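Me: Can you walk me through this one? I'd like to start with how the helices pack and then jump around a bit.
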Amino acid sequence: MRDLIITAIVFGLLPMVLSRPHVGLYLYSWLSYMNPHKLAWGFATSMPFAYIVAITTLISIFTSKEPKHMPWTREMTVLLMYVVWMSVTTYFAFFSNLAWEQLQKVLKIQIMIFLTPLVITNRQRLHGLVWIIALSLGFYGVKGGIFTIMKGGAHRVQGPPGTFIDGNNEIALALLMTIPLMRYLQLTETRKWLHQGLGAAMVLTAVSAIGTQSRGALVGAAVMGSIFWMKSRNKFFTSVMLVAAVGVVAMVMPQEWYDRMSTIKTYEQDTSARGRINAWWTAWNVANTRLTGGGFEMFQYQTFQAYAPDPIDVHDVHSVYFEVLGEHGFIGLGLWLLLAILTWQTGSWVIKQAKLDPDKKWAADLAAMGQVSMIGYASAGAFLGLSNFDLYYHLLMIIILTKIILLKEQAQTASASILLKNKTQTVSTIAATQPQKSL
């Protein structure tokens with residue numbers, strides 16, 4: 001039954017996608033982040049729904065009569081340079097077959113990222129995209145939060161199998177990044193029941209992230225929580241929400257969870273932590289030796305034999321920073337970090353321009369919460385190898401589009417003001433030139 005329902009939804013919406021390309025992006029995002037087909041049990045689990053929707057969206061973009069303009073901002077330019085550099089490093093990769101296969105996956109993600117500004121052209125569509133992402137990942141947040149409370153934190157929360165977020169560490173990162181987006185939606189929501197529902201969803205999603213028992217999630221939650229409070233325009237509500245989440249975690253999580261989290265302080269004695277540090281040194285040594293790094297999927301046995309301090313301890317890199325450094329060298333890491341820095345600056349510009357104007361407050365809220373999500377990714381991602389996670393790049397695009405749409409609305413407002421002023425002046429001139437009737 002689930003297979004039939006998911007198939008009916010996807011193919012039922014394809015005609016709408018052909019006439020409205022932004023619906024195609026919504027549908028693709030739902031399939032990418034929620035992965036509903038992975039929750040089925042039959043033929044739908046292996047159906048290439050995302051590929052079908054992506055092709056249909058591309059056709060719609062080229063055939064749609066809507067004006068299409070690629071905003072080549074500084075961030076978009078840097079992102080394109082990074083994608084080109086990844087292609088270069090793949091050509092010189094240690095493991096060519098594995099690298100080319102991974103590059104194809106990355107390019108598919110980046111193509112949809114670059115299509116986003118072509119179809120998300122106004123505030124309503126941007127707001128809709130945030131809703132789709134929040135609902136897709138919020139499903140696992142609410143579900144995982146309830147599961148953690150009911151099971152007393154005895155079992156780990158996991159993501160849908162066979163996806164980017166199938167592991168406990170991966171789903172934890174995605175959930176942390178989703179909470180600020182929920183907060184933005186709550187700030188813009190006027191319906192009381194939905195406003196309260198989003199508040200409950202944020203608490204449950206926070207509990208779910210902790211319920212993954214990911215140590216990186218705990219670090220990310222601690223860092224992101226403080227920034228969340230600082231960036232919030234209603235600090236009292238944010239404080240209540242944070243206290244509620246911490247209180248639930250304190251009541252629910254078992255002693256085993258506290259024991260696991262305490263190993264953060266004694267990482268020298270933890271085999272997993274030592275393995276990660278060994279992989280980090282391997283990435284550093286490869287980048288120091290090769291301008292192009294080792295290419296995608298370089299963290300293999302042969303690489304550790306040649307570059308690791310401990311050649312026997314073969315371990316996944318588990319860090320977005322060292323993953324980019326090892327695979328794409330210092331140039332790749334520089335472009336990747338530059339993209340983040342420029343996007344952060346764009347968010348700060350939006351906040352400064354919009355926070356005092358009630359009509360623009362939506363932009364300030366979205367930019368601020370986008371920055372909080374970036375902090376969640378930057379902190380938790382230090383212990384997780386998800387440098388190609390499409391949610392992160394979509395998040396950057398959301399911040400970039402917030403500025404673009406804000407500037408567009410400002411230009412439209414200015415044009416309307418000038419038009420009204422000219423019309424008023426014309427009417428005044430005509431009135432002044434009319435002969436006065438004698439009494």
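Reply: Helices here are DSSP runs of H or I with at least four residues, numbered from the N terminus. Keep in mind that this is a predicted model, where local features need pLDDT of at least 70, side-chain atom pairs count only at pLDDT 80 or more, and totals for chains, interfaces and linings use all residues. Residues are numbered from 1 along each chain as its sequence is written, and side-chain values use heavy atoms, with hydrogens and water left out.

Me: OK, at what angle do helix 8 and helix 10 cross?
Reply: Their axes cross at roughly 40° and come within 9 Å. Helix 10 covers residues 235-252, and helix 8 is 192-211. The pair is therefore oblique; under 35 degrees counts as roughly parallel, over 145 as roughly antiparallel, 65 to 115 as roughly perpendicular, and the rest as oblique.

Me: Which hand does the crossing of helix 8 and helix 10 have?
Reply: Right-handed. The near helix is turned clockwise from the far one by less than a right angle in that case, and anticlockwise in a left-handed crossing.

Me: And which residues of helix 8 and helix 10 meet?
Reply: From helix 8 you have Met202, Val203, Ala206, Val207 and Ile210. They meet Phe237, Met241, Ala244, Ala245, Val248 and Val249 of helix 10. Contact means heavy atoms within 4.5 Å.

Me: What about helix 6 and helix 7, how do they cross?
Reply: Helix 6 (residues 123-150) and helix 7 (residues 168-188) cross at roughly 130°, with axes that come within 8 Å. That makes helix 6 oblique to helix 7. Their crossing is left-handed. Residues making the contact include Trp131 and Tyr140 on helix 6, and Met182 and Tyr184 on helix 7.

Me: Switching to the start of the chain. How far does helix 1 reach?
Reply: Helix 1 takes in residues 2-19, 18 residues in total, and reaches 27 Å from its first C-alpha to its last. That is close to the 26 Å expected at 1.5 Å a residue, where the expected span is 1.5 Å times one less than the number of residues.

Me: Where is the kink in helix 1?
Reply: At leucine 13, shortly before proline 15, and the kink is about 30°. The bend at a residue is the angle between axes fitted to the seven residues ending there and the seven starting there.

Me: Which residues of helix 1 are buried?
Reply: Asp3, Ile6, Thr7, Val10, Leu14 and Val17. Buried means under 20% relative accessible area, exposed over 50%, and partly exposed in between, using a 1.4 Å probe and protein chains only. Those buried residues pack against helix 2 (21-33) and helix 3 (49-63).

Me: Is isoleucine 9 buried, exposed or partly exposed?
Reply: Partly exposed, because its relative accessibility is 34%. Isoleucine 9 also belongs to helix 1, and its C-alpha is 9.4 Å from that of leucine 27, 18 residues apart along the chain.

Me: Now helix 14. What does it span?
Reply: Only 32 Å between its end C-alpha atoms, whereas a straight helix of 35 residues would span 51 Å. Helix 14 has a kink of about 130° centred on histidine 328.

Me: What else does histidine 328 touch?
Reply: Threonine 89 is in contact with His328, and also with Thr292, Gly295 and Glu327, leaving aside neighbours within four places in sequence. Threonine 89 sits in helix 4 (residues 74-91) and counts as buried because its relative accessibility is 0%.

Me: Where is histidine 318?
Reply: In the loop between helix 13 (301-307) and helix 14 (320-354). Histidine 318 is buried at 15% relative accessibility. Among the residues histidine 318 touches are Arg276, Trp280 and Phe383.

Me: Last topic: which residues have a positive phi although they are not glycine?
Reply: Asparagine 35 is one, at about 50°, and glutamine 213 is another, at about 60°. Most residues other than glycine have a negative phi. Asparagine 35 is in the loop between helix 2 and helix 3 and is buried at 8%. Glutamine 213 is in the loop between helix 8 and helix 9 (215-231), and counts as buried at 11% relative accessibility.

Conventions: Helix = DSSP H or I, 4+ residues; strand = E, 2+ residues; numbered from the N terminus. Axes fitted to C-alpha atoms, helices over the stretch in contact; angles between N-to-C directions.
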